[in-house]
Each structure stands twice: as C-alpha cells, then as structure tokens.
Amino acid sequence: MSSQFPVLSSSTKVFVLELYSYYRSTASYRVRIALFLKNIPYIYKSVSKLRKGESKFTAEFSKINPQKMVPTLIDGQAVISQSLAIIEYLEECYPQPPLLPKDSLARAYSRQIALLIACDIHPLNIKRVRQYLTSPMSHNDSEKMDWYRHWVDEGFTAIEFLLVNSTFRGSFCHGDQPTIADLFLVPQVYNAERFGCPLKPYPTICKVYEVCMNHPAFLAAQPHLQPDVLEYSPDDEY
Ligand SMILES: N[C@@H](CCC(=O)N[C@@H](CS)C(=O)NCC(=O)O)C(=O)O
C-alpha cells in the first residue's frame with residue numbers, strides 16, 4: 001500500500017548539519033539566526049580548544065577549514081565557510097521562510113546592508129586585526145578602541161541613512177519579516193554595544209534591533225545562550 005508520506009529506505013543517508021561556531025563570533029551569530037529562523041536542526045561544534053591553542057584541535061580544524069575561521073558549516077561531505085555563502089546555501093536548500101525579498105531591487109537593498117557590514121565594518125574590526133594593531137604595530141588599547149569605533153561609526157552612519165531613506169523599511173530592515181539585512185545587523189549591533197560604541201546617533205538601527213530582539217529566532221541565537229559560553233573566560237577579548 002502506498003503512503004502519502006515519504007519513507008526513507010534504510011540505505012538513505014541523512015545528515016544533520018554541523019556548525020563550527022564560537023558564541024561571541026558575530027559571523028557565526030548571523031548563521032545561527034538563519035538556522036533558527038528556518039527551524040533547521042543542527043549540531044553546535046565548539047571551537048574552544050582551537051581558541052585555547054591546543055594544537056591537536058588546531059590541526060584538526062585546519063584540515064576542515066584551512067582558513068581556521070568560524071562559522072564553518074558541514075553538510076555531509078560538504079564544508080562551507082563564509083557566513084554569506086552559508087546563509088545563501090541554506091536559503092536555497094530550505095527556502096522557507098525566505099530571507100531575501102522577492103523584488104530584485106529589494107533584494108539588492110537587503111544584500112547592500114548585509115555586505116556593508118560583512119565587507120566594510122566587520123573585517124576591519126575582528127580580533128586578529130585588533131591584535132595586529134597592538135603588535136607588531138605598537139598602538140595602545142585606547143587607539144585600538146578608537147579604530148574599532150571609527151569603523152562602526154562610518155558603517156552605521158551609512159546604514160542609518162539607508163534605513164531612514166528607504167521605502168523598503170518596515171519594522172525590520174525590509175518590511176515586517178526578517179531578511180538577510182537583519183541577520184547581519186543584529187550581531188554587529190551586539191558587538192558595537194560590547195565595545196562601548198555610542199548608539200544614540202543611530203535611532204533607526206536601534207529600533208530595528210529592538211524589533212529583532214523580540215523575535216524568538218534572534219533570541220535563541222544570542223551569544224550568551226550558546227553551549228560553549230562556559231568554556232571561555234568572560235574576560236577573553238574577541
Ligand atoms: N568573512 C567571514 C568572517 C569570519 C570571521 O571573521 N570569523 C572570525 C570570528 S567572527 C574568526 O573566526 N576569527 C578567528 C581568527 O581571526 O583567528 C564570514 O563572514 O564568515
């Protein structure tokens with residue numbers, strides 16, 4: 001008798017996605033929001049041993065991702081790094097709910113915000129760049145923080161302008177459902193707060209952030225709720 005439900009044969013391989021993540025990594029945070037929004041089950045793979053410099057894990061992880069960066073998604077035999085590539089892969093494999101608007105211009109607008117963060121703020125401010133400013137470049141902590149805040153200010157000023165002047169904006173960056181733009185914005189605001197950047201000059205960003213932080217998927221993806229939170233000292237700079 002045929003069933004209306006698909007039945008997997010015993011030889012069918014079912015892979016559960018695995019995400020190499022670090023709780024405070026903003027790039028990982030983006031992917032976690034996408035996974036929770038799409039309700040995709042996944043196994044959280046902590047990289048705490050890598051961060052502590054235990055060589056065994058470092059060697060193991062570099063075989064998986066030679067760039068040794070998180071997030072890294074494993075889907076069966078496939079290894080995908082780069083948060084935007086991962087999110088677009090999830091979007092194609094699990095289209096509901098969509099993270100990109102239907103309209104081409106609106107898609108470009110959502111991607112514009114996401115890429116402004118991914119390319120023009122985040123890479124300038126990650127830990128290894130901040131560390132390089134200190135050594136070998138001999139900048140002190142205060143100069144390092146000025147550097148951080150400068151790039152957040154430049155980027156957030158541009159995003160605030162986009163949000164204020166766009167007809168696409170609703171309660172989220174685009175309309176009243178989260179899109180890729182919100183997935184990139186929320187972790188960047190979280191990090192800006194952590195580094196003491198003034199957020200008053202960006203009231204529209206703050207409003208969108210508040211709306212996102214009332215959404216269950218964004219709440220579930222928050223750094224302090226991740227399984228590896230206790231594996232680190234709260235004083236670790238990242
Ligand atoms: N462009 C990458 C950035 C990834 C990235 O910067 N990851 C950071 C954490 S947020 C990392 O793994 N840093 C480790 C290191 O710099 O050694 C993406 O979007 O995934």
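Modeller: Two strands count as paired if DSSP finds at least two bridges between them. Helices (H or I, at least four residues) and strands (E, at least two) are DSSP runs, numbered from the N terminus. Before you ask away: this is a predicted model, in which local features need pLDDT of at least 70 and side-chain atom pairs count only at pLDDT 80 or more, while totals for chains, interfaces and linings use all residues. Residues are numbered from 1 along each chain as its sequence is written.

Biologist: Okay, in what order do the four strands of the open sheet run?

Modeller: Let's start with a pair: E1 (residues 17–21) and E3 (residues 72–75) are antiparallel over three bridges, and Glu18 stands opposite Ile74 in E3. Across the sheet the pairing is mixed, and the order is E2-E1-E3-E4.

Biologist: Which strands have one side left without a neighbour in the sheet?

Modeller: Look at the edges. A strand there has a single partner strand, so one side of it has no neighbour in the sheet, and that goes for E2 (42–46) and E4 (78–81).

Biologist: What does the twist average from one strand to the next?

Modeller: Axes are lines fitted to C-alpha atoms (for helices, over the stretch in contact), with angles from 0 to 180 degrees between N-to-C directions. From each strand to the next, the average twist is 20°.

Biologist: In the hairpin of E3 and E4, which residue takes a positive phi?

Modeller: E3 and E4 pair in the antiparallel sense over four bridges, and Thr72 stands opposite Ser81 in E4. Two residues lie between the strands, and the one with a positive phi near 65° is Gly76.

Biologist: Now the ligand. Which residues come nearest?

Modeller: A residue is near a molecule or strand if its C-beta atom, placed from the backbone, lies within 6 Å of it. Helices H1 (26–37), H4 (83–93) and H7 (127–134) each supply at least two residues of the shell around the ligand. Of the 13 residues around the ligand, the nearest are Ser25, Ala27, Met69, Ser83 and Arg128.

Biologist: Is Ile121 buried or exposed?

Modeller: Ile121 sits in the loop between H5 (104–120) and H6 (122–125). We count other C-beta atoms, placed from the backbone, within 10 Å of a residue's own: 20 or more is buried, 12 or fewer is exposed, and in between is partly exposed. Ile121 has 23 of them, so it is buried.

Biologist: How far apart in space are Ile121 and Phe156?

Modeller: In sequence they are 35 residues apart. C-alpha to C-alpha, the distance is 8.8 Å.

Biologist: Which residue does a cis peptide bond join to Ser135?

Modeller: Most peptide bonds are trans. For Ser135, omega is about 20° and the partner is Pro136.

Biologist: Is Asn39 buried or exposed?

Modeller: Asn39 is in the loop between H1 and E2, and its phi is near 55°, a positive value in a residue other than glycine. With 10 other C-beta atoms within 10 Å, Asn39 is exposed.

Biologist: And how does Lys68 count?

Modeller: Lys68 is found in the loop between H3 (55–64) and E3, and its phi is positive too, near 50°. Since Lys68 has 15 C-beta neighbours inside 10 Å, it counts as partly exposed.
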